[in-house]
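Please look over the sequence and the fold shown below.

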Amino acid sequence: MVINENKVILKKTEFYINSKKKKYQRGRDFLPTHIGEPKSRHLKTKGGGEKRLLLRSNIVNVIVKNKAQQAKILSVIGNPADSQFIRRNIITKGAILQTDIGKVKVTSRPGQAGVVNGIMV
């Protein structure tokens, strides 16, 4: 908590308004997950953790009748995030995928979790 000359309490974000961003305040570019041979990248996070960025994947873990199984991804047939993602075959949370066992809705965040999980539609 910081009090300025007018005795007004400032939030942490208001206090740093005139300084450049620190490393933990910076964002990062969107790296889309495409369909293809699995490829991922590791990213260090604050506190010693790490995120696994999934760049390409051709399998999805699907829950069918309380059993998990893997299915091969054929294409993206729907994506509420952006209509252009369908044409470019980009996988995000909420995307509808056509697989060899049927349509699957993605429930994980592949760009942050490093895995594609979904449920049958």
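Asn66 sits in the loop between strand 6 and strand 7. Strands (E, at least two residues) and helices (H or I, at least four) are DSSP runs numbered from the N terminus. This is a predicted model, in which local features need pLDDT of at least 70, side-chain atom pairs count only at pLDDT 80 or more, and totals for chains, interfaces and linings use all residues. Residues are numbered from 1 along each chain as its sequence is written, and side-chain values use heavy atoms, with hydrogens and water left out.

Phi of Asn66 is near 60°, a positive value in a residue other than glycine. Lys65 is found in the loop between strand 6 and strand 7. Lys65 has a positive phi of about 50°, although it is not a glycine. Most residues other than glycine have a negative phi.

Exposure comes next. Buried means under 20% relative accessible area, exposed over 50%, and partly exposed in between (1.4 Å probe, protein chains only).

| Residue | Relative accessible area | Class |
|---|---|---|
| Lys44 | 79% | exposed |
| Lys65 | 78% | exposed |
| Asn66 | 78% | exposed |
| Ser57 | 5% | buried |
| Thr99 | 3% | buried |

Contact means heavy atoms within 4.5 Å. Ser57 belongs to strand 5. Its side chain reaches the backbone oxygen of Ile59 at 3.0 Å.

Thr99 lies in strand 9 (residues 96–99). A polar atom of the Thr99 side chain is 2.5 Å from the backbone oxygen of Gly102. Not counting residues up to four places away in sequence, Thr99 touches Val60, Ala71, Lys72, Ile73, Leu74 and Val104.

Now the core. A nonpolar core is a set of buried Ala, Val, Leu, Ile, Met, Phe, Trp, Tyr and Cys residues joined through side-chain atoms within 4.5 Å. The largest one has 12 residues: Leu54, Val60, Val62, Ala71, Ile73, Val76, Ile91, Ala95, Leu97, Val104, Val106 and Val116. Strand 6 (59–64), strand 7 (67–78) and strand 10 (102–106) each supply at least two residues of this core. Strand 7 gives the most, with 3 residues. Setting aside neighbours within four places in sequence, Val106 contacts Ile91, Thr92, Lys93, Gly94, Ala95, Leu97, Val116, Asn117 and Gly118.

Last, the pockets. On a 1 Å grid over the protein atoms alone, a pocket is an open set of points where a 1.4 Å probe fits, with protein on both sides within 12 Å along at least five of seven lines; lining residues have an atom within 4 Å of a point. Volume is the space filled by probe spheres set on the points, which are joined across faces, edges and corners.

The largest pocket has a volume of about 320 Å³. Its lining is Lys23, Tyr24, Arg26, Gly27, Arg28, Leu43, Lys44, Thr45, Lys46 and Lys51. These divide into 2 nonpolar, 2 polar and 6 charged. Lys44 is in strand 4 (residues 39–44).

The second largest pocket has a volume of about 230 Å³. Of its 15 lining residues, Phe30, Arg109, Pro110, Gly111 and Gln112 are the closest to its centre. Helix 3 (110–113) and strand 5 (50–57) each supply at least two lining residues. Helix 3 gives the most, with 3. This lining divides into 7 nonpolar, 4 polar and 4 charged. Ala, Val, Leu, Ile, Met, Phe, Trp, Tyr, Cys and Pro count as nonpolar, Asp, Glu, Lys and Arg as charged, and the others, Gly among them, as polar.

Technical notes
Polar contact = N/O pair within 3.5 Å; in protein donor to acceptor, adjacent residues only side chain to side chain.
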